Each structure stands twice: as C-alpha cells, then as structure tokens.
Amino acid sequence: MLNGKNILIGITGGIAAYKICELIRKFKKNGANVRVVATPNALNFVTKLTLQNLSQNEVYVEEFNVKDWRPEHISFADEADIMLIAPATANTISKIATGVADNLLTSIACAFNKKMIIAPAMNCNMWNNPVVQENISKLRSLGVEFLEPESGFLACGYIGKGRLCSIDKIYSSVVEALNYSKKLEGKKVVVTSGGTIEDIDPVRYISNYSSGKMGFAIANAAKNMGAEVVLITTKNFEAPYKIVKVKSAIDMQNAIDKEFETSDYIIMAAAVADYRVKNYSQQKMKKTNDDNLVLELVKNPDILKGLCDKKTHQIIVGFCAESENLLNNAKEKIAKKGCDYLVANDISRADIGFSSDDNEVSILDKSGKIVKLDKAPKKVIARQILEYINE
Ligand code: C5P
C-alpha cells in the first residue's frame, strides 16, 4: 500500500516516543521508505539503535552532518512525500508555529512545503494552555493536519486529554493523506457545512444538530486534491482556504450566489433549515400568561434546487439525511432537486452522521445508480465522494 512512498518521521521528547517503534514497523512492512529524525530529547525515551533497526535507515538528530553539498534539512524535506511528527511536544509544535528552526527536526519542518501531520502528546494542562492552542490553530489554518490526543491516564499521573492518539489512527491518516489524487487541480469547489441558525429574537434561535464535520472533511479533501476551495459554514473551522462564516439560510444563499458562477463543483453538505421565523422580534420576547406560544414560520428558499435550476457547467451534489426509508427518500429527492449526485446518510444510527467522526453513505446519481460507501472516518468518505464524482 505504501510502496515507494517516502515518509519522514519526526520524533520529539515525550514518553509516547516508544509507541512510534510499532508505527515504523508497520510503515516498513507495507513498503514505505522511512527516515527518522529525532530531537535530542526524544533519545531519552527511545534509543537510536532501535529506531535505526526498525526503519532500516540511519537516524538523524544533529544538524550540519552534511555528507554531500546539500544541507540535510533541505534534502530531507525535498525527498519526503509526507512529514509526520509523532509524538509532538508543546515545545516543538510552538517552535514550528513560530518559524523557529533550532534543531534538525524544526529546520526540516520550516523548509517542508508538502503534507504535514502532527500527532501531539503532552500533559493535559500543557495541551489546554491557550498559547499552545493558538499555535495549533495557526498551523491548522496553514494546512497542517492535527491528530488530536485522546483523554485518559497520562504518564505524568494526571487524567485528562493529552495521550497520543492510537497508532492505527496515525497509520491510517498517513495512508489516507498519501492516497489523494490531484484530480481537482484548476477546479473551484464550493462546500457548505453546518446547520443554519434561524433567529427568533436576539437571544433565541431555531437550528439543528449538524456539526458541519462532513462538509469540512469534504472541503479538506478537495484542497488535498488540488482544488481552490471555498467553505461556507455556520461553524468555526480553521483551514488553509477561504472560509465564509454564515448564520441563516438566507446568508448561506447569498454567500453561495457570490461564488456560483466561477465554481466547478458545489457540494451542499449543510443542514439548511427548511423554515425560518416569519416575524423576527427585535426585542427579547417576554413570557406571557398564555400556556402556549405560537411561532409562525415561513419557508426558506431551497438553495440546492435553486442552484440546480440555474446551473450551467457546475456539478452539484446534494446531501440527504433521513431517519427512515433512506434510499426511497433519496431517490425521490434527487429527482425533485435536480442535482447531479445525492449523498444519502441514515441519521437514525448513533455511530454515524451528525456529531460522529465516522459516516456511512450511499451516493445516488441521476441515472438511478447507487453506490454504497462502507463505514469509515469522514475524511475517508469525503475523499471517496470526490473521487467518485470525478471518475
Ligand atoms: O430537502 P432536504 O432538506 O432533505 O434536502 C437536503 C439537501 O438540500 C442538502 O443538500 C441541503 O444542503 C439542501 N437544502 C437547501 N435548502 C434548503 C433545504 C435543504 O439547499 N432550504
């Protein structure tokens, strides 16, 4: 699966460094070339000899061990298809975020301009430190993928968030990242995500449980496939592409209209409210003696249908979240909306959809063909959807 791929692993000084031995074995077993760069502190936790044996390669720590005319931090960065830093300490993350290049690992990171994945591991108080979080946000907005640490028993004796995520998760994220085709180079992809918020008065609103994660995963996958991406969302995300924050369905429609003509793909993963309050109250509504309150709602525009009616060259993908009769409802919906594809998911299951990190969907096309994608992390489903509609 990884034949010929060059993986550069940066190991920093945390107790979880020992877990990376297993990961290196797995990469090697699957055909990758692995080069390990460790910080001097990492070698307090795992020996150079172990890493050398497992990676079947020299392990690099110090700078300026130049063997040919090119400095190692540049040639290592050039040769790698992907850079993974695991475990990543607060120190190394913060140095990379601020452009500090004071050892071989951070110097390579500074020169690295391809896909970088960071799997942090640290004490929970360090993880929650606002400065560390700010540095992580900054790197995320520049395109670095973070594999969030897990909560549990920490080596320092605390219980909290900070444990290195599972080796399987790191492995599959690297494989996933190396899997992207560049099919969307030169294309503009507009994605919507999150549930719209329809205000009732200045303090209350109507919305839904959509987390926006599926749309965000699609936007990330499109970016990884080389597209120019615009994400129109009701949620807060950081990413290395244009993000337009909106609130209501009407805001969302206006934002899409601005991008529509120049876009090649519109992916409507947002959960748009079908209705909004007819008379928004400028002032906070007061409780009355009446036991019932009637809010009158009016229909929101069906954004997806409107786009399909006026489309020229765009490929338009709708989503359909159903709690029953998934495929029958989806078949009806694709005909009614007129979109090119419809991605259907079953929201009655707790293990997929809404806030979950996983999803399991079926993709329908206009001809009636249905393709089912097996349950997988949303980022995998996102790539599969984009690959499928580009076949
Ligand atoms: O009709 P339904 O809400 O089930 O359709 C879902 C699809 O239609 C999603 O792609 C959603 O983004 C889109 N939609 C829309 N405008 C609405 C309601 C849904 O664009 N008012």
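Predicted model: local features only at pLDDT ≥ 70, side-chain atom pairs only at ≥ 80, totals over all residues.
User: Which exposed residues sit on the face of α2 that is turned away from its buried side?

Analyst: That face of α2 carries Leu 49 and Asn 53 as exposed residues. Exposed means over 50% relative accessible area, buried means under 20%, and partly exposed lies in between, with a 1.4 Å probe and protein chains only.

User: Ok, back to α2, which of its residues are buried?

Analyst: Helix α2 spans residues 48-55, and Leu 51, Leu 54 and Ser 55 are buried in it. Seen down the axis of α2, the buried residues fall within an arc of 90 degrees, so they line one face of the helix; the arc is taken from the directions that run from the helix axis to the C-beta atoms.

User: What's the phi of Gln 56, and where is that residue found?

Analyst: Phi of Gln 56 is near 50 degrees, which is a positive value in a residue other than glycine. Gln 56 belongs to the loop between α2 and β3, and with 61% relative accessibility it counts as exposed.

User: What is the phi of Asn 325?

Analyst: For Asn 325, also a residue other than glycine, phi is positive and near 45 degrees. This residue lies in the loop between β17 (315-322) and α12 (326-337), and at 53% relative accessibility Asn 325 counts as exposed.

User: Switching topic, what's the strand order in the open sheet of six strands?

Analyst: The order is β3-β2-β1-β4-β5-β6, with parallel pairing. At the edges are β3 (59-60) and β6 (145-146), each of which pairs on one side only; two strands pair if DSSP finds at least two bridges between them.

User: How many bridges join β1 to β2?

Analyst: Six bridges join β1 to β2 (residues 33-38), and the two strands run parallel. Between β1 and β2 the chain passes through helix α1 (residues 20-29), and this β-α-β crossover is right-handed, a term that applies if, with the strands pointing away from the viewer, the path from the first strand over the helix to the second runs clockwise. Within this pairing, Ile 9 has Val 36 of β2 as its bridge partner. Strand β1 (residues 6-11) is mostly covered, with five of its six residues buried.

User: And how many bridges does β1 have with β4?

Analyst: β1 and β4 (residues 82-88) pair in the parallel sense over four bridges, and Gly 10 stands opposite Ile 85 in β4. Pro 87 lies in strand β4 as well, and a cis peptide bond with omega of about -10 degrees joins Ala 86 and Pro 87.

User: Now Thr 233, buried or exposed?

Analyst: Thr 233 is buried, its relative accessible area being 0%, and it is found in strand β12 (residues 228-233). The Thr 233 side chain makes a polar contact of 2.8 Å with the side chain of Ser 193, and a polar atom of the Thr 233 side chain lies 3.0 Å from the backbone nitrogen of Lys 235. A polar contact is a pair of N or O atoms within 3.5 Å; within protein, one must be able to donate a hydrogen and the other to accept it, and residues adjacent in sequence count only if both atoms are side-chain atoms.

User: Which residue is the bridge partner of Thr 233 in β13?

Analyst: The partner of Thr 233 in β13 is Lys 245. Four bridges join β12 to β13 (residues 242-245), which run parallel, and six join β9 (residues 188-193) to β12, also in parallel.

User: Last one, which residues come nearest to the ligand?

Analyst: Of the 13 residues around the ligand, Met 268, Ala 270, Leu 304, Phe 319 and Lys 333 come nearest; a residue is near a molecule or strand if one of its heavy atoms lies within 4 Å of it. A polar backbone atom of Met 268 is 2.7 Å from an oxygen atom of the ligand, and a polar side-chain atom of Lys 337 lies 2.9 Å from an oxygen atom of the ligand. The protein covers 89% of the 440 Å² of accessible area that the ligand has on its own, with areas from the Shrake-Rupley method and a 1.4 Å probe, where for residues only the protein chains shown count as cover.

Note on methods: Residues numbered from 1 in each chain as written. Heavy atoms only, no water.
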